[in-house]
Amino acid sequence: MTGIGLTRSWLRGETDAAPIRLLCIPHAGAGASSFNRWLDLFGPKIGVVRVQLPGREDVADREPLRRVGVAVDELVTQCTTFGAGPVALYGHSMGALIAYELARALTAAHRPPAHLFVSGRRAPHLAASRAVLHRLPDPDFAEALSAMGAWGAAGRSASFLRYALPLTRADLELSEEYTHYQVPRLACPITAFHGTEDPIADPDEVAAWAALTDGAFAIHEYPGDHLFHHRHREAIAAIMTAALN
């Protein structure tokens, strides 16, 4: 692979017309296309911008990132293409962690987000309650991810695993090696979503996001496993739309 590709835009989708942009950051192992079916769920006032981190899909030739700070520094720079308009953030699982740190960085740059939406991840200030996965040997690593429903039927394909294992390992290193530093809480509202059968994030761990903002907090629960957000995307998009209007 050739570098991490920080000079090429990671932003996919609308960047000009809508009054507010909603930046969507995917979970470990996923790319911008994981939000393709979300694009038509928002009205004309919200422009959906999907984040394509290096190492996947159309930037599969780039080295994946292994530290949250590297992703956030570049995203802060790339968000300047939005001009002065408001930006909201949504991230699932690993994406929720990046979205949170991006919210902190934008706030420090005097561009606080309008809203932070998170799903499928414990609040970042909580210690991990599950075993570290990214250091496991490939067979054990693949088995652990399959047991969590990370890949579905695609995980049985040898060609898929050749692509997905190194990428997901790097993404989980980014997430599992993260350290939270105490700083002033966010001022923007936070809305959290979680699945009732999620094997990765417990309800109380998701509810703990409330401690990270001085703004309003809301939490919504849906049936489903770790990838519940795709099954319930219409309901989640409706909540986001109402919060941003």
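The accessible surface of the chain comes to about 10,800 Å², and carbon and sulfur atoms account for 56% of that area. The model is a predicted one, and the points below are grouped by topic.

**Overall build**
- The chain has seven helices and seven strands, which follow one another along the sequence in the pattern β-β-β-α-β-α-β-α-α-β-α-β-α-α.
- A compact globule of 245 residues would have a radius of gyration near 18 Å, and the 17 Å of the chain agrees with this.
- Taken along the principal axes, the C-alpha atoms of the chain fill a box of roughly 45 × 40 × 35 Å.

**Burial, contacts and charge**
- Of the 245 residues in the chain, 50% are buried.
- Among contacts in the chain with a separation of 6 or more, 81% are made by residues 24 or more positions apart.
- The chain carries 22 positive and 26 negative side chains, and the centres of these two sets lie 3 Å apart.

**Helix 2**
- Helix 2, formed by residues 94-108, reaches 22 Å from its first C-alpha to its last, which is close to the 21 Å expected at 1.5 Å a residue.
- Twelve of the 15 residues of helix 2 are buried, leaving this helix mostly covered; among the buried residues are Met94, Tyr100, Glu101 and Arg104.
- The cover over the buried residues of helix 2 includes strand 2 (20-25), strand 4 (87-92) and strand 5 (115-119), together with helix 1 (68-78) and helix 4 (158-176).
- Histidine 110, which follows helix 2, has a positive phi, near 65°.

Definitions and conventions:
Residues numbered from 1 in each chain as written. Predicted model: local features only at pLDDT ≥ 70, side-chain atom pairs only at ≥ 80, totals over all residues. Heavy atoms only, no water. Helix = DSSP H or I, 4+ residues; strand = E, 2+ residues; numbered from the N terminus. Rg over C-alpha atoms; globule rule 2.2 N^0.38 Å. Buried < 20%, exposed > 50% of the residue type's maximum accessible area, 1.4 Å probe, protein only. Contact = heavy atoms within 4.5 Å. Areas by Shrake-Rupley, 256 points an atom, 1.4 Å probe, with all protein chains shown as cover. Lys, Arg positive; Asp, Glu negative; His and termini not counted. Charge placed at Lys NZ, Arg CZ, Asp CG, Glu CD. Expected span 1.5 Å × (residues − 1).
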